[in-house]
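I opened the model to look up how its chains meet and what lies inside them, and I kept these entries as I went.

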Amino acid sequence: MNFTPVMLRWLGSKHVPWAALTMGTGVVMVAAAPRLFAPYDPTRIDILHRLAPPLGWGGNAAHLLGTDQLGRDVLSRLIYGAQVSVAVGLAGALGAAAIGLLLGMSAGYFGGSCDAAVMRVAELILSIPVMLLALGVIGALGPSLGHLLLVLVLVSWARYARLVRAEVMRLRGRAFVELARVAGCGAIRIITVHILPNVLNPTLVLLALDIGRLIVLEASLSFLGVGVQPPAPSWGLMMASGREYLRTAWWLATMPGLAVLLTCLAANRMGDWMRDRLDPHRRTD
Amino acid sequence: MIRLDQVSKRYAPAVVAAVRNVSLTVEAGEAYGLVGESGSGKTTIGRMLLALEVPSSGRVLFRGEEVSSLRGGRLREYRRHVQAVFQDPYEALSPRQRVEKIVGEPLSVHRLCGASARARRVAELLRSVGLPEEAAARFPHQFSGGQRQRIAIARALALEPDFLVLDEPVSALDVSIQSQVINLLRDLRSERRLGYLFISHNLAVVAYLCDRIGVMYAGCLVEEGWREDVLCQPQHPYTRELLDALPGSGRLLAVPGPTLAPPAAVGCPFRHRCPYMMEICCTMEPRIRPSGAGHRVACHLYEEAS
């Protein structure tokens, strides 16, 4: 059996991506109400059952994904950790997209000094390594979920602003935008009715890719100890503490790693799907 | 109704002007055809008239008011009188709006009628350009080029303007569709007493539709006159070249010399292509001056005579 073409077709198909949708809604639901899904308290220590392997690798159904070095249930910790990942991924990307859209549209439509100011700040931010900026801000403000979110928005908005500015500048010279001016539309109407709908799609695609990126970034910051603080569960923190046990208890770092990977993949896939759905050339209703 | 007074436009100080010292007048209800090759500045004149560009010098006047000085409510009022149809029907319609929104937008922007009256008006406009009412619920991509151009025309008519700037409205269409749209434009004009500024590189189309014809070359208006005079008694060598290039004129390009020569910087811009070039043409640029009833030409050949 040739497996690769089937995989490729699935990844590229225009049909509803059920797997990604299920994964995405699953993660969001679990994050919204972890109490309902987690079999154990994620911070409950059970030293007697420490480092139990997952089911299928010598473990049993009591701890489906095994336990960590303190006997805490890995599945429960993953479920509670989803809360941070989803909050950070969604809120960070949405916040960055909103700010980037606003600044990028102003820069692209009005041009001049407005454009120069926005773009110089954006270039400044893009020229500083993300990790360095994040560590600097967290170092100055102190670690907390709010500050983490602030950092993620701060390092992400510039990419939206640049994308949106370029799109707006391209659209501004197009005939239908000029004819809107001729018809008597004011700047606000042109921006909201004629330009915004045409920049939403590329923004949405960037947003979907960003959710995955931000989840990874949150995990990296938590891994470095400047994100979410223990004992709160976070996928990044779990990977950090699981690193020491990689030889003896591989599942400690692998399970949160897989969670990050799958969530990121699902977010990307849903972004692609939404882009196809929103394309007016596919709409006939 | 529309008057251009010594209008020039340059996009950057170092660049050759797109439009140079053009003066012309279009009366109410008149169809004025502006012909010339690409880059001759005819589109820029249309854009200045639509307040999309500001002239570098000179004045564009509509009923005695300077268009570039209009702001806010006055500019909006001006928009009700002057509307436009552009060349590419695939570019002219907002891809994410249904036809009812596209055609009805000018009405809602100017708050001319409520939602139900607007729907009736849109249906009426669609019928007047030869489209079924059901077209209102569809998206632009569901129409052919000719149908889209009809939608663009319906939108331009929504405000019941007195004047339309038609910038190459048929050049992007199939030849079989061109004549339909041209006939539509001719019928609309007689029904609604519209004035046209018809910009085209196609002299045959302009000759069919327009009362008066202006010929542009390298940003200058080189000849202007009534249709019959320009077509039957062309004076400027460039106009003759254009007429000779028409299919069915019986003559192949009669003008010797390089047809692709760039416009001259000093003297007459056409002199490198002109078979009648004289000494004076290299040093002095001819000014456009009257040469017969309603006829004007910018050529040294006719200065000696007058």
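**Entry 1: charged pairs across the contact.** I began with the salt bridges in this predicted model, and I counted 3 of them between chain A and chain B. The one I looked up by name joins the side chains of Arg174(A) and Glu91(B), with a nitrogen-to-oxygen distance of 3.0 Å. I then turned to polar contacts and found 12 residue pairs between chain A and chain B, counting pairs in which both residues are at pLDDT 80 or more.

**Entry 2: what chain A brings.** I next asked which helices of chain A each supply at least two residues of the side that touches chain B. They are helix H8 (175-183) and helix H9 (187-223), and the largest share, 8 residues, comes from H8(A). Sorting the residues on this side of chain A by type, I noted 11 nonpolar, 6 polar and 6 charged.

**Entry 3: extent of the contact.** I recorded 23 residues from chain A and 28 residues from chain B in the contact. Between them the two chains bury about 2300 Å², and 50% of that area is on carbon and sulfur atoms.

Entry 4: The largest nonpolar core here has 56 residues, and the members touching the most others are Val74(A), Leu78(A), Leu152(A), Trp157(A), Tyr160(A), Leu221(A) and Trp235(A). Several helices of chain A each supply at least two residues of this core, among them helix H2 (18-32), helix H7 (145-172), H9 and helix H11 (251-278). H4(A) gives the most to this core, with 13 residues.

**Entry 5: a look at one leucine.** Which residues does Leu21(A) contact, leaving aside its neighbours within four places in sequence? I found Val16(A), Gly26(A), Met270(A) and Trp273(A) on that list, and I placed Leu21(A) itself in helix H2 of chain A. I also looked up the pair Leu21(A) and Leu207(A), which are 186 residues apart along the chain, and their C-alpha atoms are separated by 16 Å.

How values were computed:
Residues numbered from 1 in each chain as written. Chains lettered and ligands numbered in written order. Predicted model: local features only at pLDDT ≥ 70, side-chain atom pairs only at ≥ 80, totals over all residues. Heavy atoms only, no water. Contact = heavy atoms within 4.5 Å. Buried area = accessible area lost by both parts, 1.4 Å probe. Salt bridge = Lys/Arg side-chain N within 4 Å of Asp/Glu carboxyl O. Polar contact = N/O pair within 3.5 Å; in protein donor to acceptor, adjacent residues only side chain to side chain. Helix = DSSP H or I, 4+ residues; strand = E, 2+ residues; numbered from the N terminus. Nonpolar A, V, L, I, M, F, W, Y, C, P; charged D, E, K, R; others polar. Core = buried A, V, L, I, M, F, W, Y, C linked by side-chain atoms within 4.5 Å. Buried < 20%, exposed > 50% of the residue type's maximum accessible area, 1.4 Å probe, protein only.
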